[in-house]
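Please open the model in your viewer and keep the selection tool at hand.

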Amino acid sequence: MHVHLLHPSLRTNIYPEWQVRPGLLPFPEAVAFMEARAEAIAAGDAPEIVWLVEHPPIYTAGTSANEADLLDSRFPVFKTGRGGQFTYHGPGQRVVYVMLDLKQRKPDVRSFVRDLEEWLIRTIAQFGVQGERRKDRVGIWVSRGNSREDKIAAIGVRVRRWVTFHGIALNVAPDLSHFGGIVPCGVRGHGVTSLADLGINVPMADVDAALRVAFEEVFGPVSGPLENAAAIA
């Protein structure tokens, strides 16, 4: 793990790095990097970063997780400091860890979460999918007809010293049966979906490109990607 430190003269007016990490990243390594990078950002020693990863199959528990919502611990379970409840991460799901300095942007966590929602809505709109918010449920939902609606993206964030970490998870083409071991985000009576489940089979690289376009619309410009995408892990 390596965190890029900045010369004091370069700590302002730098766009967030846009990094795509190839392969499947063990969750503990992701947490270790986020912890270190968030501290460096807060200290002014590193730029903000948007970090795109995939994980091997795991379940993560947020600070509001109810143990009764873990139905089958078929995969490793990790407790996290992010908000929210149980969720699944695995191959075919694009996880994006967003480390931004809200003190330098807008010190409003609710506004930040709403911007994450808008980012996801604009991303999947590029593939003809209408994502929707729900007042009583975090994440992005897709109406399937006959009063059915499924979750296509999850949001779970943590903020320390006004620097955000953790982020979003968009279902591109994961094995949806893997969600069966939990009650996703504690929401019963609704399902999960993905772009592939909706009949949209696109490479992850195309999704990443759509994520970047939408991110820049909502949050502003980014820099990169760096040539060595694996350099930070």
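Select Arg 161 to begin: this residue is partly exposed, because its relative accessible area is 49% (buried means under 20% relative accessible area, exposed over 50%, and partly exposed in between, with a 1.4 Å probe and protein chains only). Arg 161 sits in the loop between E9 and E10, where helices (H or I, at least four residues) and strands (E, at least two) are DSSP runs numbered from the N terminus. Its phi is near 55°, a positive value in a residue other than glycine. Most residues other than glycine have a negative phi.

Before moving on, note that this is a predicted model, in which local features need pLDDT of at least 70 and side-chain atom pairs count only at pLDDT 80 or more, while totals for chains, interfaces and linings use all residues. Residues are numbered from 1 along each chain as its sequence is written, and side-chain values use heavy atoms, with hydrogens and water left out.

Next, select His 166, which is found in strand E10 and also has a positive phi, near 60°. Is His 166 buried or exposed? His 166 is buried, because its relative accessible area is 6%.

Now colour the chain by pLDDT, the predictor's confidence in each residue, from 0 to 100. The protein chain averages 88, and 88% of the residues score at least 70. Where pLDDT is low, the predicted coordinates should not be read in detail.

For the next stop, select Leu 116, Trp 119 and Phe 215, the residues with the most contacts inside the largest nonpolar core, which has 33 residues. A nonpolar core is a set of buried Ala, Val, Leu, Ile, Met, Phe, Trp, Tyr and Cys residues joined through side-chain atoms within 4.5 Å. Helix H2 (109–125) gives the most to this core, with seven residues. Leaving aside neighbours within four places in sequence, Leu 116 is in contact (heavy atoms within 4.5 Å) with Val 98, Ile 155, Val 157, Ile 168 and Phe 219. Apart from this core lies another, of 20 residues, among them Ala 38, Ile 58, Val 95 and Val 163.

Turn now to the aromatic rings, where a search of the whole structure finds 12 pairs. Rings of Phe, Tyr and Trp (its six-membered ring) pair if their centres lie within 6.5 Å, and planes under 30 degrees apart count as stacked, over 60 as edge-to-face and the rest as tilted. Select Trp 51 and Tyr 97, which form a tilted pair, 6.2 Å centre to centre with 50° between the planes. This pair links strand E2 and strand E6, its two residues being 46 residues apart. Trp 51 is buried, with a relative accessible area of 0%, and Tyr 97 also counts as buried, at 3%. Then select Trp 119 and Phe 219, whose ring centres are 6.2 Å apart and whose planes are at 90°, so the pair is edge-to-face. Trp 119 lies in helix H2 and Phe 219 in the segment after H3, so the pair ties together parts that are 100 residues apart in sequence.

Finish at Gly 92, in the loop between strand E5 (86–89) and E6. Gly 92 and Leu 170 are 78 residues apart in sequence, and their C-alpha atoms are 9.0 Å apart in space.
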